[in-house]
Amino acid sequence: MNLLHVIGNLLLLVCCWFLSLISLNWVSNGGIMTVKSGLLGGDGGQIWMKLGDQISVFGCKIQHHYSLYIGPKKLRKNWWRKLLVAWILFAIVLSLSVFWYVSSHALDKRKDTLASMCDERARMLQDQFNVSMNHIQAMSVIVSIFHHDKNPSAIDQRTFARYTERTSFERPLTSGVAYAVRVLHSERDQFEIQQGWTIKRMDEQTPVHEDEYDPADLETSPAHDEYAPVIFAQDTVVHVISVDVLSGKEDRDNVLRARESGKGVLTAPFRLLKTNRLGVILTFAVYKRELPPNATPAERIQETAGYLGGIFDIESLVEKLLQQLASKQTIIVNVYDTTNFSDPISMYGSNTSSDGMHHVSALNFGDPIRKHEMHCRFKQKQPWQWVAITGSVGLLIILLLVGHICHATVNRIAKVEDDYNHMMELKKLAEAADIAKSKFLATVSHEIRTPMNGVLGMLQMLMDTRLDETQQDYVRTARESGKALVSLINDVLDQAKIESGKLELEEVSFDLRAVIDDVLSMFLGKSQDKKVELAVYVSSKVPATLVGDPGRFRQIVTNLVGNSIKFTDKGHIFVTVHLVEEASETEFERDESLSGLPVVDRRRSWSKFRSFNQESPATSSSSSDQINIMVSVEDTGQGIPTEAHSSVFNPFMQVGPSITRTHGGTGIGLSISQCLVHLMKGEIGLASSPHIGSTFTFTAVFSNINGQQQVNGSISSSEFQGMRALLVDPKKVRAKVSKYHIERLGIHVEVVPDLSLGLINTPTVNMVFIEEEIWDCKNLGNPKMLILSNSCSSDSARSPFVITKPLRASKLAASLQRAMGVSSGGNNLSREIHALSLRNLLHGRKILVVDDNPVNLRVAAGALKKYGADVVHAERGAKAITLLTPPHLFDACFMDIQMPEMDGFEATERIRKIELGIKKGIEDGELSAEAYGNVSNWHVPILAMTADVIQATNEACARSGMDGYVSKPFEAVQLYREVSRVFQTMSDESH
């Protein structure tokens, strides 16, 4: 097994382990995410579950490839040990390589730093030496001009000494300057007489700087061809006057070389006794006249007049240089005369070395014969390479940790595989249980609702027959009990769908005011029996038509109003609808209420809403496309204790056991309402005080049709448009509610607290609305007097017309038509969507009803025949296929879903395939259009008719090709509405 194969297996192993953990996490948390998916919106839970399933399947594939390529556990353990040893060796080699690389890099950087610092010092030393050398050369020119070119000479010892002393600051590196004149042997006697001293021989041991030195002690210079006695000297070296510089061998060679080359010549280093420092003498030849640059040595010797020399203190020069340079890394500097390479002469520094690293920089002092070098070394030893050490050790630790992690992964992956397989089995069992639960709910729903459909349907048909009052009461009571049982079943199924995350919302247009009116109509009898005033107020800013789920919205309002009816024995129940942004506006006075009884502050019910605690354009305001409404249900009932506020929205929870005994109920209505509100992207809250009452408030987000807002919400009626009415009511809130309903009919309303005052101030009115409690039994013939009463048992003899509350636009319009004697004409106040009446729509239509239950067949047939439809029965799906195979004369079909032999889904799919085959055959010319009634596009509307209300069933209906869905037990209105929608769609398509 080569290294690449081993590394590939390792990476595959790590990927398997990581994806296995992800898959296990998805499986283990799947149920939780499903429950919480309702908070994410409509399809959030399903999307997350599908994504989890895909990851799980991908993890299974990885596990399969892992087992296929890695091998069984015993083989895997064998090769893993070898891989682990190879990994450790690789980690050690890599760590040593990193240590060597980092150390080498640091060493190279240290060498570069030393070279840079040494070259810098050598360059500065050389520059400063050249400055002093140039000054000495300039003095040689001065001596040539003012001593040899002048007769008599302009320079003497006193002048030379004063000049050199005053200009010594220009030569800070020189210890002294002296001038020796060239004297031939033939001129010696005359020269000595002229100078007044004899030419002395240079003593090899003569110190250059010795204050006690006496020239008289020197010997007279022996006879030579020429001499070079010092005649001028700086005061610091005045003791060398009369000394022949040619009498010393090394000095003689330097002097002769200087005059032949015309350049400065350096001596070998020697120690200055006065300072005990090493120094050198720089010598320049002084010529009688200016020579050309290409002059020969002979010409230079011939024109030589003398020699000017300067003494340099090399040690002082280098020390001053180093003092000028400050560095964190101090280096040791050594200056050598390497003219004799085998035996260099140390001019500065010691030979002590701290480590082997050094750098050599060449020095050029202007003498091509003498060679000089600067040697530099760091003063301290190279420190420990902690970066290299820590980096390599850290890398080794990381690599060993990686090996340890992989080793632990290999040891644990077998257990993870077993756990994964176990979790997959559990997941399959959970999915099977979920499917079984859904099937159970569907079966239970079907089995319970199917007989209930027959019971309620037959009771409805019985109510359409001639019955006396007692019989009507019995039938009505039985039908209401059946509806209560169906409502309970719906609540339980809704709770199950909420828990499974399968509850979805519709998106249809609806009239919010009509929905609210319908809800209040449901509780009309109960409110009148309890003598509790029931009222609704919808803000004029709320659009007339919204897009959303009217059924679920009606369910929320019904639950809240139903709770209020249940727990309220006196006072009122007041439903208000506003836009969210109107919450801050004071719509009703806080110290007044509809019935005059005290109520809780409704603002407490929405004080914790996020919409009011943070600025969020998406939730706190209504845009042109999104309408955020707020609904409040206020009552004056028993109230809820503060400690029970946190649990009222929990499923199957009651405020106390006495509540269940006294009022009944399951305790799931508020829980369902809260979940529905969250699905509508809203919030729900309450404010309640014992013995005062409660206020429940919720928000919901709906869409606006075409981004247009109708802010009046009125129902225009030609009979009452432009009329004037007087409303007599001393209670401001109740008067505002009554005025809202009356103005919806286009009537201009004037509100007054007293009837007499109102008639005086407003003499011309068409009608007068007056509350029953302030009616004084005076018979006024004109204008028409209308009493607003909370009870239908009011004595109508006191006034011809009594309008029973709660007020609704349609009911109020009908009452006014009877009271004013106005005919409705062609106006239709019905809330039906289509203009055609149901009788005109269904009359003469041939409809096929398919159901295996004969009772359901009779109920459906009776409901349809009531409006003139021609109904044909079929008890099996196969017979329905035969009857609906084109050509046929059926206008629609009601198809039961759960039937023996062939269910409604399969029957519908076969019918659609037959219709599609006929269409394709006619288009391809294989079939004749005349044989099918000259209709090429056959499509009979098929409506599902089943007791199964699970959302999945609705989706399956759409997939199989059905055009609608009617649940059992169905109300006649629901059945007619669905048929109207289908026929209206067909009518629109035909046009």
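Trainee: How many disulfides does a search of the whole structure find, and which residues are joined?

Mentor: This is a predicted model, in which local features need pLDDT of at least 70, side-chain atom pairs count only at pLDDT 80 or more, and totals for chains, interfaces and linings use all residues. Residues are numbered from 1 along each chain as its sequence is written, and side-chain values use heavy atoms, with hydrogens and water left out. Taking a disulfide as a pair of cysteine sulfur atoms within 2.5 Å, the search of the whole structure finds one. With an S to S distance of 2.1 Å, this disulfide joins Cys118 to Cys376.

Trainee: Where in the chain do the two cysteines of that pair lie, and how many residues apart are they?

Mentor: Helices (H or I, at least four residues) and strands (E, at least two) are DSSP runs, numbered from the N terminus. The pair links distant parts of the chain, since Cys118 belongs to helix H3 (residues 73-148) and Cys376 to strand E14 (residues 372-378), and the two are 258 residues apart.

Trainee: Is Cys957 buried or exposed?

Mentor: Buried means under 20% relative accessible area, exposed over 50%, and partly exposed in between, with a 1.4 Å probe and protein chains only. Cys675, at 23% relative accessibility, therefore counts as partly exposed. Because its relative accessibility is 1%, Cys957 counts as buried.

Trainee: Which strands stand at the edges of the five-stranded open sheet?

Mentor: Two strands pair if DSSP finds at least two bridges between them, and here five strands with parallel pairing form an open sheet in the order E28-E27-E29-E30-E31. Each edge strand has a single partner strand, so one side of each is left without a neighbour in the sheet; these are E28 (870-874) and E31 (964-967).

Trainee: How many bridges join strand E29 to strand E30, and which residue in E30 does Asp896 stand opposite?

Mentor: Strand E29 (residues 892-896) and strand E30 (residues 942-946) run parallel and are joined by four bridges. The residue in E30 opposite Asp896 is Met945.

Trainee: What angle does the direction of helix H24 make with that of E29?

Mentor: Axes are lines fitted to C-alpha atoms, for helices over the stretch in contact, and angles run from 0 to 180 degrees between N-to-C directions; contact means heavy atoms within 4.5 Å. Helix H24 (residues 904-924) packs on the sheet, touching E29 and E30, and its direction makes with that of E29 an angle of about 145°.
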